[in-house]
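Here is a short tour of a ligand site and a few backbone details. Have a look at the model first, then read on.

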Amino acid sequence: MGSPVPRELAAALAGARLVAVMTGAGISAESGVPTFRDAQTGLWERYEPQDLATPEAFARDPRLVWEWYEWRRELVGRAEPNAGHEALVEIERRAPGFTLATQNVDGLHRRAGSRQVAELHGSISRTVCSEERTAVDPRGLDGKPPRCPGCGAFLRPDVVWFGEPLPPGEIDLAFSAARECDLFLSVGTSSLVQPAASVPYEALYSGTPVVEVNPEETPLTPHASHVLRGPAGEMLPALVGAAYG
Ligand code: BJW
C-alpha cells in the first residue's frame, strides 16, 4: 500500500492550469522494463547499464552495445503501457495545459495515448548513422551494428548517451514548462542524471509545488512539497481518482 493522497494535493491537481511532468524508468517498471539502476537479467547481468550507455563503450565494443540495445528493443516491443502511463493520459485530458518530459526511450507514453511528450533521451525505436546523424532503417542490413548505406559508419540507436547533448527543443520545453506550470510531478526517476534532474528545481524556484512519486527516496525528496511513496502504477491512479473522481 502506498501513501494516501493528501486532499490539498488532489485539489491542486484539479485546479491546475498547467501541469508539467518528468518521468523516468520507474514508470515503466510495472510494464516489465527494467530500470536503469536495477540489476540486469540473463546475459546482461554482468554489465552496468551506465557503462554501456556511453560513446566510449560504443567505440570500444560496438557489437556489445548494439546487441544490448537489440535486447532492450525487443523487451520494450513486448511491453504494454501500465496504469501509471494511463493516469498521465487522463491528466492530459483533464488539465487545460499539460507537458510531459520523459527520460525514457521506450515510447510507452505515446503508446498509452499521451500527446505532448518531450523525449529527452531519444527513442530506442529510431536508428541513426553515428557520423551523419541521419535516420536509417536498419531492417535488411547485415552486421552488428550494420553500416550506414551512405557513408559506411556504424549505425547506432537514436538515444542520448553520457557526455552527449540532449535535443535542445525537448530540454528547453521541459525547463519552460517547469517554470510556467502550477503543479509539477516527478515520477519514477532517481533524479541523478543531469540536466533532467535539474528540471523540477525550475518549478521550485518559481514557488510551484513539486510532487515526487517513487517507492524510494531520491535527492529530490527533501525538496518535494508532497511525496507519494509507492509504485507509479498505484499512486498515479490514486492521485487522478482523488482529483477528478
Ligand atoms: C519506481 C518504480 C515504480 C522503481 N514506480 N518509481 C552536472 C553535474 C554532474 C554531472 C553532470 C552534470 N551535467 C552533466 C553531467 C554528466 C551526465 C550526468 O548527469 N551524470 C550523472 C551520472 C552524474 N549527464 C550527461 O552526460 C548528459 N549530457 C550532458 O549533460 O551533456 C552536456 C553537453 C552539452 C553540449 C555538448 C556536449 C555535452 C546526458 C545524459 C544521458 C543519459 N542517458 C541515459 C541512457 C539513455 C539511453 C538508454 O536508455 O539506453 O538515460 S543513462 C540513464 O539514466 C537513462 C535514463 O533516462 C537516465 C535516468 O535514469 P532514471 O530514469 O532516473 O532511472 P533510474 O534507474 O536511475 O531510477 C529509477 C527510479 O525509479 C528509482 O528512483 C526507483 O526507486 C524508481 N522506481 N520502480 C515509480 N514502480
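A word on the model: it is predicted, so local features need pLDDT of at least 70 and side-chain atom pairs count only at pLDDT 80 or more, while totals for chains, interfaces and linings use all residues. Residues are numbered from 1 along each chain as its sequence is written, and side-chain values use heavy atoms, with hydrogens and water left out.

## Around the ligand

The ligand is surrounded by 34 residues, each having a heavy atom within 4 Å of it. Arg37, Tyr69, Arg72, Gly163 and Ser190 are the closest. By class, the shell holds 18 nonpolar, 11 polar and five charged residues, where Ala, Val, Leu, Ile, Met, Phe, Trp, Tyr, Cys and Pro count as nonpolar, Asp, Glu, Lys and Arg as charged, and the others, Gly among them, as polar.

Domain 1 (1-31 + 81-121 + 166-245) and domain 2 (34-78 + 124-159) each supply at least three shell residues; the bounds come from an automatic or database domain assignment.

## Polar contacts and cover

Polar contacts are pairs of N or O atoms within 3.5 Å. A polar side-chain atom of Glu30 is 2.8 Å from a ligand nitrogen atom. Backbone atoms take part too: a polar one of Phe36 lies 2.8 Å from a ligand oxygen atom, and an N or O of Gly188 is 3.2 Å from an oxygen atom of the ligand. The protein covers 72% of the 1,500 Å² of accessible area that the ligand has on its own, by the Shrake-Rupley method with a 1.4 Å probe.

## Backbone details

The peptide bond from Lys144 to Pro145 is cis, with omega near 0 degrees, and Pro145 sits in the loop between strand S4 (122-129) and strand S5 (155-159).

Definitions and conventions: Polar contact = N/O pair within 3.5 Å; in protein donor to acceptor, adjacent residues only side chain to side chain. Helix = DSSP H or I, 4+ residues; strand = E, 2+ residues; numbered from the N terminus.
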